[in-house]
Amino acid sequence: DGFLAILEKDAKERAKRRKRNEHLANALKEKGNDAFRKGDYVVAVQRYTEGLEKLKDKQELYTNRAQAYLKMQEYEKAIGDCEWALKCDEKCIKAYFLMGKAHLALKRYSESRQCYEKILEIDPRKESLFKDCMNEVSLEEKRMKDEERAIKEVQSGNLAALSLKELLQKLDKPDQNILYYAGGIRLLTGAVKDCTEQTLFRTNNGFSILQDNEIVRRGFCAERKNTAEADLSVSLLFLWQAVCAGNEENQRLLLTHPDVNAQLPKLLSSGVSEIQKETLALISLYSENENGRRLLVRHQDLTKWLQILMTFVNSTDARASSAMNILSDLTKEEGFKTQCRVMLSTGVLPLFTQLLTSVELVNQAALARCIGIMGNLCADVVIRKQMSECNECWQACLKLVDECCDVSTSEYQECLLAVLGLMMNLLLESNVVIQYFAVDISGRCLSLLNDKDGRIVTRAIGVLSRILPASSSAVEEVVKGGVVKKIIKFLKAGGQITSNYGIKTLSICTRSNRQAQEDLVKSDKRFSVLLKLLDSENEMIVGNAAFCLGQCLAVPGAATSLLNSSIVMILLKHAGGDATRTAVQENAAIALGKLCVAEPRHIFQLRKLNGLAILNSSMKYMHSI
C-alpha cells in the first residue's frame, strides 16, 4: 500500500509539473508568435526554443520554429523541426506543408512533392492546397531548368543570347533621349524568340528597367502621355508580352513590380487606343490560364476592373472582344467575383444600365457578351441580390427587350437571348422589385413566344416559369393572353429544356386560375401532352405534369376523357415509386385521388391493379390542395 501511495503521489506531482510547464510553454509560444508577426525571426526562434525546454513534446512549438527558420532560410533546421513535430503528431499537416517548402527551397523537388502528397493522404479535403503546392514545385523546377539552360547558351557563345545581354546593357545607359530607349526596347523585343531569351531577360535584371531608369519610368507612369511617352509605353507593353508569353515566372515578376501593378488599370483607361490594345493583349496572357488569373486576383486590386473593361463595349474595334474575353476568363475566379461586389452598385450597375439602354450606339456583339458575363456573375449571391433589387437594371432590361423586338438583326437577337438569360438568373431571387415588374416582364415574354428563334422562345418560357410565382396579376394577364395554348403547342414538339420550363409555367398557371385549367383541357385533348410528359425520365417534369393534371381534373368531363387511357397505371407507378423528389409521389397520389373522386369508374381499373392501398395513402395529401 505504501508503494502504491508513493506512485500515486509521484504521478500527481508530475501532472502538476506538466501543467505548470505547459502554461509557461504557451506563454513563450505567444511571445514567439508576437516576434514572428513583427518580423523578428531570431527572437521568435529563441522564444520557441525556450518553450520547448519547458515542454519537449509540444508540436506547435516545433512547427512555429520551423516557420521562423524558413523565413531565416535555415532550411535544414526547418526540416529537422518538422520531423520532431511529426513524432509528436504523425498527422500534422502543417509539418508536412512546411517541410515541403523547405525541400523546395533546397531544390529537392521529389522530396517536396512527397510531403504534399502526404497532406492529401491525411486529409483528402485539402485537394486545393495540394494542387497549389504541387503547381508551385513544378513552376520552380521549370524555372531552375530554364535558367540552367540559359547559362549554358551564354557559355557556349550563342549569338542570340549574347545579343540580348548586349541590348540590356545598352538600355542601362543613363540620361538618353526617350526615343533612344523606345527604339532599344523594340530591338530587345525582337531578340526575345523563345524560353531561353525570356529566361536571360529575367536573370539579367530586365524587369528592373523601370526602377533603374528614371526617364523610362517617368515616361511610362506619366498621367497624360505625349507622343514619345505613348510610344515608349507601347514598346514596353510589346516587350512584356514577348517575355511573359507562356512564362509564368516572368508573369509573376512583372505583376509584382509596383509600377506595373499600379499602372495597368490606368493604361486600360488611358484613352490611347494603341496603349489600350497592347495592355489588353498583355492582360490576356494572364487571364487565359488558371495560374495567370490567380496572379491577377492575388496581386491586383480588381475592384474597378469590371467597370473599366465594360466600357470597351463602346469600342467598335478588336479592343471590345479582347476586353470581353478577359472578363469572361476572370469570372471563373471566386476572388474576382468577391472584388466585383465593392463597386457594383456605385460604378458597375449605372454603367451597365446605360449600355443596355444604348444598344443602337454600342458594339452589339460585345454587349451580348457583356450581358452574358453579368449573368455569370449572378452565380455570386451577393451580386445577384444587388442586381435583382435595382429598379434601373430591370427597366433597362425591359427597354432592351423592346428594342431588340423591333430590330431583327442577328446582333440584336444575341443581345435579346443574353438579356433573357440574365433575367432568368436574377429571378432566382425574390423581392418587392421583382414583384413590381412581374406583369411587365411576363407580358414581354408572352410576346416573345411568337419569335422564330427557338432559343429565344425557350428562354422566354424559362423567364415565365420564374417570374409568374411572384405575382397573381401576372398569371392572370398571361392566361388571358393565351399562354396555355401556346405552351401546349411547344410541349408537343419541344425538347427537354423547353418541356421543363413549359410544364413548370403551366403548373403555376393552373394552380389557382380556373381559366388556365379550362384552357389546358381544351388545348390538350385527352391530355395527350401531359401523358407524354408523365413518361419523362426527368423527375421535375413528371412532378409538374402530375400536379397540372390534378389541378385540371376539377374541370367537368376532364376525368371522364381519360377512361380508356393508361392514366391509372401511370399515376400508380409514380405514386408508389421511389423517385428522389417526394413531390413526384405526392403529386401523382393526389392526381390519382382526384381522378377517382371526379370519375368513380377509374376505381375499377385501380382495383384490377391492386392500387387501393396507394389510393388510401394518397388521401392524407388531399387537404393540401
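Helix α7 gives the largest share of the lining of the largest pocket, eight residues, where helices are DSSP runs (H or I, at least four residues) numbered from the N terminus. The model is predicted, so that local features need pLDDT of at least 70 and side-chain atom pairs count only at pLDDT 80 or more, while totals for chains, interfaces and linings use all residues. Residues are numbered from 1 along each chain as its sequence is written, and side-chain values use heavy atoms, without hydrogens and water.

The largest pocket holds about 740 Å³ of space; a pocket is an open set of points on a 1 Å grid over the protein atoms alone, where a 1.4 Å probe fits, with protein on both sides within 12 Å along at least five of seven lines, and lining residues have an atom within 4 Å of a point. Among its 23 lining residues, Lys101, Glu136, Leu139, Arg252 and Arg298 are the closest to the centre.

At least three lining residues come from each of domain 1 (13-153) and domain 2 (177-269), the bounds being taken from an automatic or database domain assignment.

Aspartate 259 lies in helix α15 (residues 258-268) and is buried, with a relative accessible area of 12%, buried meaning under 20% with a 1.4 Å probe and protein chains only. Leaving out residues up to four places away in sequence, aspartate 259 touches Leu210, Arg217, Phe220 and Cys221, a contact being heavy atoms within 4.5 Å.

Key: Points joined across faces, edges and corners; volume = space filled by probe spheres on them. Helix = DSSP H or I, 4+ residues; strand = E, 2+ residues; numbered from the N terminus. Buried < 20%, exposed > 50% of the residue type's maximum accessible area, 1.4 Å probe, protein only.
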